[in-house]
Amino acid sequence: MLDDTSKPDLAFAGVRQLAEAFRDGSATPADAAEAAFAQIDSRNGEINAFAFVDRDRAFEAAARSAERWKAGRPLSAVDGVPATVKDVMMVDGWETTFGSRVLGSGRPSDWSSPAVDRLLEAGAVLIGQTTTPEIGWKGVTDNTRHGVTRNPWNDEKTPGGSSGGAGAAAAMGAGVLHVGTDGGGSIRIPAAFSGIVGHKPSYGRVPAYPASPYSTLAHVGPMTRSVEDAAIMLSILARPDLRDWHAGPYPVTKFEDALGRSIAGRRIAYSPDLGYADVQPETAKMVHDALQTFRDLGALVQEVAPPFEPPRKALEVLWFAGMAARIRPLDAARRELLDPGLLALAQRGEKIDLADYMAATAARAEFGSRLKRYFADWDFLVTPTVPRPAFDVDAPSPDRTRGGWSDDWIPFTYPFNLSQQPACSVPCGLTGDGLPVGLQIVGAMHDDEGVLQAAHAFEQARPRLRYPDEAVD
């Protein structure tokens with residue numbers, strides 16, 4: 001139950017807390033929406049987490065939700081809960097810009113992507129679209145249409161990308177449920193930098209349509225402030241949609257139902273650097289020390305030799321080819337309006353021949369096979385999510401490389417897009433400068449339940465990371 005003095009803190013309430021408040025009448029869906037908009041009014045001018053906000057639609061949806069709760073017939077646990085979607089998904093009645101001056105839809109859509117439909121069917125209240133770099137092409141969030149997105153923990157730092165707007169919105173309490181996409185780390189990077197939970201599901205777990213330019217590298221998943229909320233959200237997002245021919249069968253149980261189970265006896269492989277990553281010392285120590293929590297919970301933790309060679313070449317070929325295909329219809333004048341870095345990589349993609357593409361596809365298949373066999377011996381692989389905390393907001397990468405391709409600072413995330421395995425970033429603390437650090441838990445293909453279970457056990461065993469504006473219980 002929430003009393004009147006707690007209403008300003010609705011912005012940081014979780015799904016179960018809001019559902020209880022809606023049920024007993026101590027708060028309404030309109031109160032929750034107003035709390036989210038209050039955070040937007042307070043901080044979004046500085047942070048720029050939103051490409052679009054729709055107050056009228058949100059309060060109309062909140063009013064309908066309130067009637068359902070009053071009648072005792074909510075559509076789901078998230079009925080009335082504020083939610084956002086990344087500006088790469090179609091929303092009926094909204095224009096999707098893809099963070100671009102030339103690649104957007106150009107007009108309001110008359111249909112919604114599967115993840116959006118699932119949230120609406122569950123009664124969630126959409127409040128807006130979150131920012132992304134142009135077609136989600138990089139690990140920081142800025143674009144020529146909407147500008148630069150900043151980190152709520154320190155506005156001189158980046159929130160990461162490409163789901164940086166979603167990460168920033170979640171951190172600052174501007175919504176509870178946030179849909180992100182991840183083609184090389186785009187859910188997990190901003191989760192780590194923004195101090196939230198980001199889960200990249202097994203490929204096909206969450207239906208997606210239309211297909212991403214990055215094809216089967218791209219996953220759709222939840223970004224939230226807690227593992228429980230991520231699990232509840234995933235249960236909704238994973239519902240079937242016939243438009244995605246890759247989509248797997250709907251799980252017979254809800255992901256949140258498994259969260260309280262013990263992880264005692266589970267086998268955890270720990271790799272501090274995967275054999276090729278350059279990890280900042282403070283980040284390395286925080287993740288290393290966090291492994292003790294798993295041991296205290298009864299898990300069997302062992303530091304392991306690098307399980308694979310960096311699969312960088314295969315990623316580059318597949319990634320650049322996707323960019324090239326996406327911009328192919330554009331004439332020279334419209335290409336000049338693209339992000340210069342995106343254009344440069346797409347032009348590299350245009351030079352990839354069929355033999356190279358097929359070789360990359362074969363290398364990816366072998367890589368995935370190797371990891372499938374590796375996870376026959378281990379339940380989870382734990383690594384840092386990103387090798388360092390958030391860097392300066394005006395830099396495209398920690399070494400300030402501009403216009404070119406640099407994946408050296410995301411070595412822990414992209415391999416598991418190639419293998420399509422579930423991977424969750426959960427906060428493991430703050431640096432001396434007050435910036436969040438994320439720990440990544442990777443599981444066997446289709447074991448989203450186990451990954452979320454391990455992430456939840458870890459989260460519950462440690463003091464929760466609190467955004468500075470959040471009130472203490």
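## Largest cavity

Ala 192, Thr 283, Val 386, Arg 388, Pro 389, Pro 436, Val 437 and Gly 438 form the lining of the largest cavity. The model is a predicted one, and it holds one cavity of 30 Å³ or more. The space in the largest cavity amounts to about 30 Å³.

Strand E13, residues 436-443, gives the most to this lining, with three residues. By residue class, the lining of the largest cavity divides into five nonpolar, two polar and one charged.

## Largest pocket

The volume of the largest pocket is about 680 Å³. Helix H4 (114-121), strand E6 (177-182), strand E8 (219-224) and helix H9 (312-327) are the elements that give two or more residues to its lining. In total, 40 residues line the largest pocket. Ala 208, Pro 210, Ala 211, Ser 212 and Pro 213 are the lining residues that lie nearest its centre. The lining of the largest pocket comprises 21 nonpolar, 13 polar and six charged residues.

One of the residues nearest the pocket centre, Pro 210, also takes part in a cis peptide bond with Tyr 209, with omega about -5°. Pro 210 is placed in the loop between strand E7 (197-200) and E8.

## Buried segments and a surface patch

Helix H7 (residues 227-237) is mostly covered, with 10 of its 11 residues buried. The buried residues of H7 are Val 227, Asp 229, Ala 230, Ala 231, Ile 232, Met 233, Leu 234, Ser 235, Ile 236 and Leu 237.

Val 78 sits in the loop between helix H3 (55-71) and strand E2 (82-86). Val 78 counts as buried because its relative accessibility is 0%. The C-alpha atom of Val 78 is separated by 12 Å from that of Arg 23, and the two residues are 55 residues apart along the chain.

Tyr 357 belongs to helix H12 (residues 354-374). With 33% relative accessibility, Tyr 357 counts as partly exposed.

## Salt bridges

The count of salt bridges comes to 23. One of them joins the side chains of Arg 243 and Asp 117, at 2.9 Å from N to O. Arg 243 lies in the loop between H7 and strand E9 (267-270) and Asp 117 in helix H4, so this pair ties together parts that are 126 residues apart in sequence. Arg 243 has 31% relative accessibility and therefore counts as partly exposed. Both residues belong to a network of salt bridges that links Asp 117, Arg 118, Glu 121, Asp 241 and Arg 243.

Asp 379 and Arg 267 form another salt bridge, their closest N and O atoms being 3.3 Å apart. Here Asp 379 is in the loop between H12 and strand E11 (380-384) and Arg 267 is in strand E9, so the pair ties together parts that are 112 residues apart in sequence. Asp 379 is buried, at a relative accessible area of 16%, whereas Arg 267 is partly exposed at 31%. In the salt bridge between Asp 331 and Arg 334, the closest N and O atoms are 3.7 Å apart. Asp 331 is partly exposed, with a relative accessible area of 41%, and Arg 334 counts as partly exposed at 35% relative accessibility.

## Backbone geometry

Most residues other than glycine have a negative phi, and most peptide bonds are trans. Besides the bond between Tyr 209 and Pro 210, a cis peptide bond joins Gly 161 and Ser 162, with omega about 5°. Ser 162 is in the loop between strand E5 (147-148) and helix H5 (164-171).

Ser 215, not a glycine, has a positive phi of about 55°. Ser 215 lies in the loop between E7 and E8, and Pro 210 is placed in the loop between these strands as well. The relative accessible area of Ser 215 is 40%, which means that Ser 215 is partly exposed. Gln 420, a residue other than glycine, also has a positive phi, near 70°. The loop between helix H13 (415-418) and strand E12 (423-430) contains Gln 420. Gln 420 is buried, with a relative accessible area of 18%.

Technical notes: Residues numbered from 1 in each chain as written. Predicted model: local features only at pLDDT ≥ 70, side-chain atom pairs only at ≥ 80, totals over all residues. Heavy atoms only, no water. 1 Å grid on protein atoms, 1.4 Å probe; cavity = no way out; pocket = protein on both sides within 12 Å on 5 of 7 lines; lining within 4 Å. Points joined across faces, edges and corners; volume = space filled by probe spheres on them. Helix = DSSP H or I, 4+ residues; strand = E, 2+ residues; numbered from the N terminus. Nonpolar A, V, L, I, M, F, W, Y, C, P; charged D, E, K, R; others polar. Buried < 20%, exposed > 50% of the residue type's maximum accessible area, 1.4 Å probe, protein only. Salt bridge = Lys/Arg side-chain N within 4 Å of Asp/Glu carboxyl O.
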